[in-house]
Amino acid sequence: MIKIYREEDYILWSYTMPMNNYINEAHKAEEAQSEDSSVKKRRIVIPGEVIATGEDYLPGEGARREGDNVLASRFGLAEEAGRVIKVIAITGAFIPRRNNVIIGRVTAVSFNGWIIDVDSASSAFLPIDESPRFINKSEMNQFLDIGEVVVAKIWSVNARGIDLSLKGQGLGKLDKGFIFRIIPNRVPRVIGREGSMITLIKENTGCNITVGQNGWIWVSGPSLEAEIKARKVIEFIVEKVYVSGLTELVEDWFVKNK
Amino acid sequence: MSAMDCSNITRETLKRLFVEGKRFDGRGLSDYRDFNISFNVSNKAEGSARVKIGKTEVVVGVKMEVGKPYADSPEKGNLTVSGDLLPMASPRFEAGPPKFNAIELPRLVDRAIRHSGILDLKQLVITPGEKVWTVIIDIYPINDDGNIIDAATIGAAAALRKAMVPVLNEKGEIDYHQESKTPLPISKEIFPMIITFFRLGDSIILDPTREEEEACEARIAWGVSKWEGQYMINSCQKGEEIPLTRQHIEYMMDIIPKKFDEASEKLKKFF
């Protein structure tokens, strides 16, 4: 039996994604945009690539300054918003941040808490004090057992690892439906602006969906068909990273896959 | 492969799906994903193949050496199958000494190939009792999206079919400068395959993705080939802890010929 130490799925994912298609798609979009404006709005960059030259520009997220140039430090889409240049990463691991709501799986029960796999480089710990109600130490595995799934919030990231909390609205154990994984960087796309995309999916499939910032998605619906449909449409969204006007595309998808 | 890595709720959903005969990717329970094979992907190997089943990808190479025969088979060439589960293929594989699965995979492939009779080892003798060819099959999974065993066996058989026996010079050493025109003594009629069935709940599925494979509780690998119109079972190995019932085995025996023919038909266009 191979012992599984970490589940950094992005290795598999990033390999299996047909990257060339994205690059082509992005270049097409870029050509279309550069016709009317001299400033390129969005283009694909690789780490170390010069995005802009001059003191006028400021490096944002995923970019850095070196001398006179602003370079990309991640592989993704370079975007200019006024003076600030940022790179939206396309692939990569989940980087835990404070207040992220994530979905994790219990891998071990210790004497004072649960060890939780959140698909990150360091392991996560959910102390018994952070559970929503009082739990006797002898009955810990009745509340959460190995293999069960929780929605939790990260309340600190430190050298020891990630500390989680279950205190808060919408957090807790999941006991129906299923979970699957997407690339963590594409989570914002699935959620949409102020949750517009996820609301659209919920309305059209009737499913309950929780998207963890670590790229794990929980779906639970009235029927298996609805759940499969919800998963399919999310995977469709994840594939179309570069397409603008994604909402219309998804609406079309729902019409086609009635 | 171990049930520890799948969350309980996902496994329950998969169970319910399988009972209804459905899968997340829209296939039936015993449908294969698309195959793709490309040949001679390696420059230096005597024969090689890259097999894709869905997103699963395996590279297999055949290398040949001049060696001594084993003491119990002086009139036969040697066949060695080796392989490793590379960390780049899946987050579940770790670098370091081979573990259980990494040892099991080449052994399974070895038995399926050896006992199918695709390779006639008797024709690989140079000097009887002294010098024979050693055929080394190397298996390297590039990407694991489930069902690596089936992919590796197809790859091994495909690489053997394309392999050429290197030319020997007067001293009896391999001369790589001369182009070889002798293929391996391969039987064109026989194409060995491993058909692996997975059990989850009371459902038996074929060709799982990694997600499904992680949820499954039992696994059984059948080495199958067809010889003179008859279906042959050359090897069989059961994995994981949960047992299989007689009904399961009978069901498998019913569909193995159908699935073998279906897969052979899909593979035919690549040769």
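Predicted model: local features only at pLDDT ≥ 70, side-chain atom pairs only at ≥ 80, totals over all residues.

Colleague: What makes S11(A) and S12(A) count as paired?

Modeller: Pairing needs at least two bridges, and S11(A) and S12(A) have 5 bridges, so they pair. Within this pair, Ile154(A) is opposite Leu164(A). S11(A) and S12(A) also form a hairpin, with 2 residues between them.

Colleague: How many bridges does S11(A) have with S13(A)?

Modeller: Strand S13 (residues 172-174) of chain A pairs with S11(A) over 3 bridges, in the antiparallel sense. There Val149(A) faces Leu174(A). Strand S8 (residues 101-110) of chain A is a further antiparallel partner of S11 (residues 149-158), over 5 bridges; in that pair Gly104(A) has Val150(A) as its bridge partner.

Colleague: Why are S14 and S15 of chain A called edge strands?

Modeller: They belong to an open sheet of 3 strands with the order S14-S16-S15 and antiparallel pairing. Strand S14 (178-181) and strand S15 (208-211) each pair on one side only, and are therefore the edge strands. From one strand to the next, the twist averages 20°. S14(A) is joined to strand S16 (residues 216-220) by 4 bridges, and Phe180(A) has Ile217(A) as its bridge partner. Helix H6 (residues 224-239) of chain A lies across S14, S15 and S16, at about 150° to S16(A).

Colleague: Why are helices H5 and H7 of chain A called roughly parallel?

Modeller: The axes of H5 (residues 196-205) and H7 (residues 246-256) cross at roughly 10° and come within 11 Å. Angles under 35 degrees count as roughly parallel, so H5(A) is roughly parallel to H7(A).

Colleague: Which residues of H5(A) and H7(A) meet?

Modeller: Ser196(A), Met197(A), Leu200(A) and Asn204(A) of H5(A) meet Thr247(A), Val250(A) and Phe254(A) of H7(A). The residues of this contact are 4 nonpolar, 3 polar and no charged.

Colleague: In chain B, what makes Met193(B) count as buried?

Modeller: A residue is buried with 20 or more other C-beta atoms within 10 Å. Met193(B) has 22 such neighbours, so it counts as buried. Met193(B) lies in strand S11 (residues 193-200) of chain B. Leaving aside residues up to four places away in sequence, Met193(B) touches Thr153(B), Ile154(B), Val224(B), Ser225(B), Phe260(B) and Ala263(B).

Technical notes
Residues numbered from 1 in each chain as written. Chains lettered and ligands numbered in written order. Axes fitted to C-alpha atoms, helices over the stretch in contact; angles between N-to-C directions. Parallel < 35°, antiparallel > 145°, perpendicular 65-115°, else oblique. Contact = placed C-beta atoms within 7 Å. Nonpolar A, V, L, I, M, F, W, Y, C, P; charged D, E, K, R; others polar. Buried ≥ 20, exposed ≤ 12 C-beta atoms within 10 Å, placed from the backbone.
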